[in-house]
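Thanks for passing this one along.

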Amino acid sequence: MNFHVMTLFPEMIINGMNTSITGRAMEKGLITVNAVNIRDFTKNKHLKVDDYPYGGGAGLVMQAEPVYLAYESIEKKLSKKPRVIFVTPCGKTFNQTMAEEFSKEEELVILCGHYEGIDERVLEMIVTDQVSIGDYVLTGGELPAMVMMDCIARLVPGVLHNDVSAEFESFHENLLEYPQYTRPEEFMGKSVPEILLSGHHANVEKWRREQSLIRTAKYRPDLLEKAELTDKEKEWLVQNLKKS
Ligand code: SAM
């Protein structure tokens, strides 16, 4: 999977992605991250990439031309038109299903805005998807781009040690993950649930499923509405939610 990030702060992208699991994935060549500096494509001598908004108002807007030229420099090296994601608070909210869809692309271009945003005309020309990482406003698109790349990269085969671990996580089947425990068995008087020490695989699976149901009902009832539960599970949840 090859990420191409159009940004005014390429070092932020490279330094952020170069660590931990994504860093190892880059070393192994499972993912590549090409950070393209939009400022390299300005034609004015002061390397200015922004200007005042037409119609007035606060702040500055990134100009269309350098963004377009930066895009062209990426596109001309690819065999077909890539998917281009503009990260913006105005986009659809990013989620695991979107990440799964994006992870099927071989090339993914991400465009990061800054200041008040980007001239709409170039967005109309090059952008295929507009994606937000949540209902809040950040100073730039670099963190959203990294959030998305981190999430998408974990779904690329080989990036996680164990591919199964990406399959049984929160949001899989619209449920949150069950609680996890590791050694020691007792920590400051609190014990690991006994069932996890039983070695009885089927009972452990049942307990985990029930914990997922309870957690999702408590913290994300909106998700639970979309999850597929058996009648028995629905009944169990009604009886046990109050007790928990
Ligand atoms: N004026 C814009 C608005 O009200 O929608 C906000 C611009 S923001 C200060 C600068 C850039 O940060 C945006 O162009 C976008 O690329 C990025 N950004 C900020 N918040 C974001 C979010 N929640 N999701 C995705 N990108 C975001």
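This is a predicted model: local features need pLDDT of at least 70, side-chain atom pairs count only at pLDDT 80 or more; totals for chains, interfaces and linings use all residues.

1. Who sits around the ligand? In total 21 residues surround the ligand, and the closest are Val87, Gly113, Glu116, Tyr136 and Leu138. Strand S5 supplies the largest share of this shell, with five residues.

2. Now zoom in on some backbone atoms. Gly134 has a backbone N or O atom 3.1 Å from a nitrogen atom of the ligand. For Gly140, a backbone N or O atom lies 3.5 Å from an oxygen atom of the ligand, and Gly141 likewise has a backbone N or O atom 3.5 Å from an oxygen atom of the ligand. On its own the ligand has 580 Å² of accessible area, and the protein covers 85% of that. Two elements give two or more residues to the shell: strand S5 (83-93) and strand S7 (129-132).

3. Next, have a look at helix H1, residues 10-17, where Pro10, Ile13 and Met17 are buried. Look down the axis of H1 and these buried residues fall within an arc of 65 degrees, so they line one face of the helix. What covers them? The cover for the buried residues of H1 includes strand S1 (2-7), helix H2 (20-27), strand S2 (32-37) and helix H6 (142-153).

4. Asn37 belongs to strand S2. Is Asn37 buried or exposed? Its relative accessible area is 18%, and buried means under 20%, so Asn37 counts as buried. The Asn37 side chain reaches the backbone nitrogen of Arg39 at 3.0 Å. Setting aside neighbours within four places in sequence, Asn37 is in contact with Thr7, Leu8 and Pro10.

5. Finally, check the loop between helix H7 (164-167) and strand S8 (186-187), which holds Pro184. The peptide bond from Arg183 to Pro184 is cis, with omega near 5 degrees. Glu173 is in the loop between H7 and S8 too, and has a positive phi of about 55 degrees although it is not a glycine. Asn174, also in the loop between H7 and S8, has a positive phi of about 60 degrees, and Asn174 is not a glycine either. Asn174 is partly exposed, at 24% relative accessible area.

Definitions and conventions: Residues are numbered from 1 along each chain as its sequence is written. Side-chain values use heavy atoms; hydrogens and water are left out. A residue is near a molecule or strand if one of its heavy atoms lies within 4 Å of it. A polar contact is a pair of N or O atoms within 3.5 Å; within protein, one must be able to donate a hydrogen and the other to accept it, and residues adjacent in sequence count only if both atoms are side-chain atoms. Accessible areas come from the Shrake-Rupley method with a 1.4 Å probe; for residues, only the protein chains shown count as cover. Helices (H or I, at least four residues) and strands (E, at least two) are DSSP runs, numbered from the N terminus. Buried means under 20% relative accessible area, exposed over 50%, partly exposed in between (1.4 Å probe, protein chains only). The arc is that of the directions from the helix axis to the C-beta atoms. Contact means heavy atoms within 4.5 Å.
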